[in-house]
Amino acid sequence: MTSPGARLSALELITLVLDEGSWISWDLPPRYGAISTAYAAELDAAREKSGVDESVVTGEGLMHGRRVAVIACEFAFLAGSIGQAAATRLVAGIERATTEGIPLLAAPVSGGTRMQEGTPAFVHMIGISAAIAAHKSAGHPYLVYLRNPTTGGVMASWGSLGHVTIAEPGALVGFLGPRVFEALYGQPFPADVQTSENLYAHGIIDGVVPPEGIADLLDRTLSILLARPPLPAPHDPDEDVPDVDTWDAVVRSRRPDRPGVRRLLRYAATDVVPLNGTGQGEADPGLMIALARFGDAPCVFLGQDRRGQTTDQPLGPGALREARRGMRLAVDLGIPLLTVIDTPGAALSPEAEEGGLAGEIARSLAELVTLEAPTVCLMLGQGNGGGALALLPADRVIAAQHAWLSPLPPEGASAIVHRDTEHAPEMARSQRIRAIDLAEVGVVDRIIAEHPDAAEEAEAFCHRVGAVLEFELSTLFHQDPAELVAVRARRFATGV
């Protein structure tokens with residue numbers, strides 16, 4: 001274990017994360033143009049102090065036997081600042097990782113761009129960002145570990161572009177360094193804002209992990225992202241489900257002990273790496289975003305979490321912005337997207353209106369219909385209103401026996417038509433909201449039986465769901481996303 005507050009050097013971190021003896025440097029000697037005598041002396045002193053020839057090191061190694069590329073800052077070299085030689089080295093390392101088709105791990109720790117080189121160094125952040133974008137566009141994972149401190153142009157470029165971003169506990173992480181803020185504005189920057197923990201609380205990063213935990217977390221992440229499931233054999237016919245009364249299904253779906261997304265993942269998933277928030281300052285507890293694997297089938301998981309949806313904090317527009325982050329991840333990473341519907345309804349409040357809830361529902365629908373990735377939707381429980389519909393469009397729609405989908409809660413529909421809530425059971429029946437009704441009209445493709453109720457057989461039920469999800473995700477994994485989009489668009493454009 002490293003001692004609290006100790007800063008590992010770049011090579012010490014690499015030694016901690018990679019398999020013993022596997023590190024191979026990619027670095028060539030740095031080249032500088034005309035520089036001042038004073039700056040040359042600073043560079044010499046930095047080399048002597050740090051033991052490396054520039055503020056970044058690049059190379060490759062094995063992590064749990066898997067080949068990965070690494071770009072890492074060395075803070076002892078001029079505070080990890082990025083000059084033109086360091087930027088050139090970074091771009092070369094990123095491009096080599098892209099060419100060789102291997103995941104890229106980044107460990108920035110830096111005060112930003114190098115003040116001794118001014119704007120010419122500053123604009124190199126564009127080239128670094130472009131190289132990262134190309135790596136991601138090629139479908140290769142880019143994983144970031146932010147260290148203490150990471151600020152300035154580094155945080156505003158390659159530090160903020162990860163598919164998955166985690167940070168060191170207690171790290172100073174932000175755009176404007178607190179010393180600069182105080183010099184410019186004559187007062188200290190508010191405490192505890194630019195910290196790993198605060199960024200996590202605001203949905204900007206995915207986790208706070210000590211250095212000793214990096215290798216295991218990244219290995220689990222890559223085990224999901226790089227999984228390649230075989231094409232499954234045709235499945236046996238699905239079990240027949242009884243014709244349970246609609247209102248009975250609604251009541252069963254509302255049982256507080258009915259398994260939700262967390263128990264589904266606990267019992268049915270092979271691997272799970274929770275993610276967090278939009279990456280842009282929002283996190284809604286009503287939506288769970290994760291990378292997951294069911295058997296050998298990987299996916300980006302977007303699940304409405306009933307445990308996180310309360311009367312005081314119902315599903316809000318931030319949850320759908322978080323979902324849209326997951327949609328983009330699925331396309332970037334070339335893996336299927338799994339959405340899970342289980343919501344008593346989206347927020348009905350001034351805050352939701354001002355947060356653009358209607359627009360977020362519309363954008364989610366449009367993005368899912370046109371998403372260039374395989375998609376599966378699981379209707380797990382309640383499916384109330386636009387908040388549920390926003391996660392429905394998919395190549396395959398699977399439903400638990402007692403799941404349902406309705407424009408409004410049945411009580412709300414009753415209030416509109418009958419001006420009371422007593423007719424809710426009647427409205428539910430007339431609106432054909434059950435999974436079995438939706439299968440008859442082509443909205444639902446498969447129904448998973450409950451024996452007789454998921455709440456009474458949670459583990460067995462979740463295992464059955466997991467087996468179906470593994471089959472559907474594995475089958476879609478082998479199909480052309482462009483063809484899936486065309487079929488999906490026709491399916492929802494022509495009505496069902």
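Gln-84, Ala-87, Thr-88, Leu-90, Val-91, Ile-94, Glu-95, Ala-97 and Thr-98 of helix α3 meet His-124, Gly-127, Ile-128, Ala-131, Ile-132, Ala-134 and His-135 of helix α5. This is a predicted model.

**Helix pairs**

- Helix α3 spans residues 84-100, and helix α5 spans residues 124-137.
- Their axes come within 9 Å and cross at roughly 10°.
- Angles under 35 degrees count as roughly parallel, and α3 and α5 are therefore roughly parallel to each other.
- Helix α11 (residues 261-268) packs against helix α19 (residues 458-477) at an angle of about 75°. The axes of these two helices are 8 Å apart.
- An angle of 65 to 115 degrees counts as roughly perpendicular, so α11 and α19 are roughly perpendicular to each other.
- On the α11 side, the contact is made by Arg-263, Leu-264, Tyr-267 and Ala-268. On the α19 side, the residues are Ala-458, Glu-459, Cys-462, His-463, Val-465, Gly-466 and Leu-469.

- Strand β1 (residues 24-25) runs antiparallel to β2, and 2 bridges join them. Ser-25 has Gly-59 in β2 as its bridge partner.
- Strand β3 (residues 66-73) also pairs with β2. These two strands run antiparallel, joined by 8 bridges.
- Val-56 stands opposite Cys-73 in β3.
- β2 and β3 form a hairpin with 2 residues between the strands. In this hairpin, His-64 takes a positive phi near 55°.

**The sheet of 7 strands**

- What is the order of the strands in the open sheet of 7 strands? The order is β8-β9-β10-β11-β12-β13-β14, and the pairing is mixed.
- β8 (271-274) and β14 (446-448) stand at the edges. Each has a single partner strand, so one side of each is left without a neighbour in the sheet.
- Neighbouring strands of this sheet are turned by 25° against each other on average, direction ignored.
- Pro-274 stands opposite Ala-290 in β9.

**A buried valine**

- Val-154 sits in helix α6, which covers residues 152-155.
- Is Val-154 buried or exposed? Buried means under 20% relative accessible area, and Val-154 has 0% relative accessibility, so it counts as buried.
- Leaving out residues up to four places away in sequence, Val-154 touches Ile-82, Pro-108, Ser-110, Gly-112, Met-125 and Gly-159.
- Val-109 is 45 residues from Val-154 in sequence. In space, their C-alpha atoms are 8.3 Å apart.

**Rings and charges**

- How many aromatic pairs does a search of the whole structure find? The search finds 0.
- The charged end of Arg-7 sits over the ring of Phe-75, 4.0 Å from the ring's centre.
- Arg-266 lies over the face of Tyr-267, at 5.6 Å from the ring centre. Tyr-267 is also one of the α11 residues that make the contact with α19.

Notes. Residues are numbered from 1 along each chain as its sequence is written. This is a predicted model: local features need pLDDT of at least 70, side-chain atom pairs count only at pLDDT 80 or more; totals for chains, interfaces and linings use all residues. Side-chain values use heavy atoms; hydrogens and water are left out. Rings of Phe, Tyr and Trp (its six-membered ring) pair if their centres lie within 6.5 Å; planes under 30 degrees apart count as stacked, over 60 as edge-to-face and the rest as tilted. A charge sits over a ring if NZ of Lys or CZ of Arg is within 6 Å of the ring centre and within 35 degrees of the ring normal. Two strands pair if DSSP finds at least two bridges between them. Helices (H or I, at least four residues) and strands (E, at least two) are DSSP runs, numbered from the N terminus. Axes are lines fitted to C-alpha atoms, for helices over the stretch in contact, and angles run from 0 to 180 degrees between N-to-C directions. Angles under 35 degrees count as roughly parallel, over 145 as roughly antiparallel, 65 to 115 as roughly perpendicular and the rest as oblique. Contact means heavy atoms within 4.5 Å. Buried means under 20% relative accessible area, exposed over 50%, partly exposed in between (1.4 Å probe, protein chains only).
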